[in-house]
Structures are given as structure tokens and as C-alpha cells.
Amino acid sequence: MNFIEKVFVVAEAYSYPLTQRILNQLQLKPQIVSGTEEVRQEIAGEEDIIKKGKKILVLDISKAKFIKPCPCTPVYLGCGYLVINADLNCPLDCSYCILQSYLDQPWLTVFVNQDQLAQEISYWGHKRKGYFRIGTGELGDSLALDPLTQRSRDLCQMFFSYPQAILELKTKTTSIDLILKQKCLPNVVIAWSLNAEEIAHREEKGAPPVKDRLLAAKEVVKKGYRVAFHFDPLIWYRNWEEGYGQVVEFLMANIPAEKVAWISLGALRFPPQLKAIIKKRFPNSLCLTQEFIRGLDGKYRIFRPLRVEMYRQVMNFFKASKRYQKVKFYLCMESAEVWNEVMGEKKRSERGICVFLSRPLN
Amino acid sequence: MKTINLSLNNPAFQDERFRFSYIFAQDDLKTSLLLSGLIYPPWGIEEKKGKFILVSGWKRVVVARELGWKEIPFLVIQETKPEIIWVKLIAENKAHRQLQMVDKAFIIKKMLKMGISRERIKKGICSLLEIPPLVEWISFYEHLAELERETIKVIAAKNLPEYIVRLLFDYAQEERQALIPWLEHLSQNKIKEVLENLQEIALRDQLRPAQIISAFRALEGDRKGEKDLARQAEKWREHLKEKRFPCFQATFLKFQSLLKEINWPPEIEIKPSPFFERNDLRVSFEFTNENELKHMASKLLTLSQNKKIKQLFFGKSPKK
């Protein structure tokens, strides 16, 4: 974790066990502050506050609810996912990352009041009788800070008593040491965001190559975990078919289909305000060259026939394998029309998708 | 403070160290000077005994010269510190007009040239100029003042915002010079569209913008050229739109040509969902009585029986 240059601890958060654990690991002298306004002042004069923010760690307590239904996006079909906002922001620097415009605090925040998090997990664990999916990868990478926080171990312990809750830890990293050291739980799924190698190299600054991610997935599978993959965001570029095809081929050669909990596909989309940020921070990003239209939710989206073509092609790569035909696929933040075009005509609802994805295969 | 009369040939009016207004409409000022003379005399400083430097009033001096005046009143203030003189100059200008982005650019350029540090400008001048107190912004204005005169003129005339000016920075000088004659004839929104599309096509197709401009010129040359620059600018914009969004443009044209093929009546308006994002189509028509309604409905019925109508429905499920 030598990318962290400064640690701020909000006074209220200082006595929590997680704070002490992190400070012991970091060996950086923390600055105790009364609130995050002091952190904001620290980075106020920076030319690139987003970049600077990725080097600043703030330990705080969350006053809001940790667990919320995934907001998805208006008008398009959701999947009934629950998100855990335990850590905010990510040390990786992906050009397309929505967090650049979504979070008003550009630093890395770790919420240390895990007692409250445990209570909320217990609440949802008792409330939901059927299977449901829940994960930490919405407002940050689930494992990027894990060597420091050991959050994955804590979460697995918290979810131990709720086997119907499928905990997904979603990452682009290869930080799996802790995952490999602990006892594998059947309701924990380790997931990787994947892309064509060229896109990963060009657009996902700080993230390991896609092959390394898949090799990490292979290790995790050996340990007994189920894994999931998210081809999100799919980005159109010359040779995209070849690029995505190679990744799918490598994936299928290394990961047995029966260990794959689900695979999602999502084409690049982002709110208009992100464009100026990408342009400024990543002027050569291919994200700026997509054939965008304004979607029904007001976001930039790739023109429908192009995204349908990409979804179909990636699905076809998988369908080449009989074993992979049984894997559950879904589209992230897509319309019913696009679902029908890609997966075949069917009446679909968020509830139906949620049940389909959550229930075990066998 | 004293007022003296100075010949317009005086060296005070050649030293441009405090001049920041280079682009302005002279005609209104000419009319005003002819009507009421110089109500507010230009002001400056006395650097050494008898050596004056004009600080404020450059536009008036330029126009007075144009009018053939020989001498003008000149107010001399007692100040020698450049930074304080700039503060007074900016405050005076702000009292009677809004400073343009181009004005701010020249102010910063001249201050830097005088040796006033970026740090001093950041701390003491940025807020006065109503710009963020960041070195990056000072560099932005410095860059703007270094652009070629034709580009600066368009920025001033069109009152282009910072975002579009930054887009212009991304182009090489010869590319900007090729673009400016067209940009002059487009609105702010269209300028933004053209600059973004050109840049994004270049990035996507791994070309230089100059190559795309040349290819368009060659194409236009084959079509015997368009002399009217405004029309040419519009064609250039359309050309870029087609190149930038080929799939959307093709889909849209296909939709339009299909309507022609099935003789869709112009009195019945048909609209696809925005950007074909949904499958639904919307038709609308007007009627004032039962017969008109029946007539329109029968037209729609006939259209619905046309075999080609199926092609209007955009999304198709995969074959199982």
C-alpha cells in the first residue's frame, strides 16, 4: 500500500478496531481531524484532485446506511442487487470510472464502524428468506484495499450465518492472498471485471493485465470458490471482436464453467458530466470515440445496434463451449428491448432477473 | 495626479506593456469620440522625468489616431509598482465593462512578461479577474494569448467559452488556420460539435485532423467547390457528423428511405423513439371531423398492409 501518502482519521473513528488494524499496517503517522473538510482543504489547490485523492486515505465512520438497493439507472432493467458501501473510491485509475464524477469526495474512504455493518447484514439476512445477491464493488474495488483493511475476511465472517445471501466481491486486482488463506464459503463469489487486453492496458491505469486477473480467478477456483465475470464496460474499437474473443477463450480454458456463478455484459455508458473529466484526464481515451447517443436515462450510451452486436458476439464466443451454454448471463443496465434482441423474446422484470441470478444452479 | 496634453506621436503611445485590448469594434467608439470628444482622458505613469507610459485608454488612443487627432489630454498618476498599476487598471476597466476571456489572457501575458510571478498573479490578481486561483488556469490564459490573431478574433467575436477554447488548443496551428474560416460561420454549439467530432474521429481512426480536413477538401474539389463559406462550413459539419456517427446516420437514412419506398404520407407524422433506443414508433396527424379521421385511419390501414412495413420495426430477436 505504498501508494498511500497521507492518512487522515476522523476523531470519532480513531478507537475502532479496524482503524487500529489499518494504522498498524500502514506505518504512516495519521492526522487526526474533526471532519473531512480538513481533508478537502489539503487537496484544494491540486491541479488533478482525482489523482491526488487516490493517494489519500480517510478513516471515517459511516452515518448513512451501509446497505442499499443498487440504484441501477432509470428506465432500464435492474437485477435486484444490493450494494454495500463500506469503502468509497478506488486506487485504480480507469478512464471511464463513474466515481470520478459521482463521488464528491475524491479520496479513499474506509468506513470503520463494522459493528453497524454487521447489524445491517443481520437485518437483511433475516428479512430476505430467498436467495439474494449483495456486493461491495459498486463504489470501490472490493479487494484493492484488502491487504490493508482485511475487509474480505470480516465480510465473510459476517455472511457466514446467512447462506441465502450471495456475497460478491468484485475486483480488477489480483489481491487474493487473504481470500486464499480463509475457509471458502459457498455463498461467497469472487468476481472480476474483465475487458479486452488492449482496452485494459489503455484505459485501466493501475490494474493488472486481464490474463493475470483470470489466473487469480483460477487460483480462487482451486480453493473452492465460485467466481463471476463482468465484461463491463464493453468498448468498441478496431479489432474488438478479436480482443474480446481472446479473453473469452483464455477464460474458458482456465475456468471450469460449473464454477462460474454468473457473467454480466454491459456496454460503456456514463453521465454527460463525465465526458469533460475523461477528456481532461485521459485525452487519448477510446471512451471519447464511441458512437454515443443519449439514452433514455440521459446517459451517453453506444448506439443500440452496435451494443447489441457486441453483446451477441461475446455471447457467441461463450456459446462455442457446450459447458458455458449453461452459465447464467445477464445484461447490466439494459432495456427490455435489448435483452430480447440478445437473449430472445421473453417477458422480463427486475424481480425475475433477480431470482434467476440468485438461485443456485444445482 | 496631473493632466497634461500629449502628442499622439509621443513614445508614451508606443510602449504597449500595459495594453491588453487588441480586438475590439472601432466604429462605435469613433462615433462616440466624434460626438462628445474625449470625456475620460487616457491615463498613465511617468516612468522617468518626461517619459510617460500609457496604461489605460488604448482603444481611445487607437481611434483618436484613426480620426487624425494630433494631441490628447493625458492623466498622470503617481505610482511605480507594476502590480498596483495593474490592479488599478483592471478595477477601472471592470467598473464600466465585463472583461472578455481574451482581455484576461493579454493581462496575464503582459504581467508575466513584466516579471510578476505566477504565484503573485494567483494570489493577487486571479480573484480580480474572476478566474480560479490555480497555476493551471494562469497557463490556460497564457496559452490563449499565444494563439494566432485569427483564432483569437474568433474566440472574442463568438465569445467562446473556456471548454471550446481548450478544444482549439488541441489542434496544431495549421489545423486551426484551416478551420477558422469555417468556424467563423458557425454558432457556438456547432463550433463545439465540429471541434469535438473532428478530434474524436482522428483519435478513433488514428489520423491527424489535418488529414481529415484535406480529405474533405479533396472531396469538395471534386464537386467543383463551394464558394460560399457559410454553406461550406455547414457541409463540413454534416460531413463530420456522418463520419463520427456512421451507424446512426446509416440507420436514420435507411429509416427515411424506407418511408419514401412505402410512400408514407407527409400529413401523417411518424417518429421513432429517440435514437431508436426503444422499438416504439409514434404517429400523429390532425383532423377536424369524422370524415378526415376515417380518411387518415384508412391510409394507416393501407400502410399497415404493405409488406415492407415490417422493416420499420427496428429490433429483432436472435433466431433460436
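How much area do domain 1 of chain B and domain 2 of chain B bury between them? In this predicted model, local features need pLDDT of at least 70 and side-chain atom pairs count only at pLDDT 80 or more, whereas totals for chains, interfaces and linings use all residues. Residues are numbered from 1 along each chain as its sequence is written, chains are lettered from A in the order in which they are written, and side-chain values use heavy atoms, with hydrogens and water left out.

Chain B is divided into domain 1 (1-80), domain 2 (83-146), domain 3 (161-244) and domain 4 (261-312), with bounds that come from an automatic or database domain assignment. Domain 1 of chain B and domain 2 of chain B bury about 1400 Å² between them, 70% of it on carbon and sulfur atoms, where buried area is the accessible area (1.4 Å probe) that two parts lose on being put together, summed over both. In domain 1 of chain B, the residues that lose the most area to domain 2 of chain B are F18(B), F20(B) and E79(B), which together account for 47% of what that side buries. Between these two domains of chain B the count of salt bridges is zero, a salt bridge being a side-chain nitrogen of Lys or Arg within 4 Å of a carboxyl oxygen of Asp or Glu.

Elsewhere in chain B, E277(B) is buried, with a relative accessible area of 0%, buried meaning under 20% relative accessible area (1.4 Å probe, protein chains only). Leaving aside neighbours within four places in sequence, E277(B) is in contact (heavy atoms within 4.5 Å) with residues of chain A, including Y76(A), R301(A), R304(A) and R307(A).

Notes
Buried means under 20% relative accessible area, exposed over 50%, partly exposed in between (1.4 Å probe, protein chains only).
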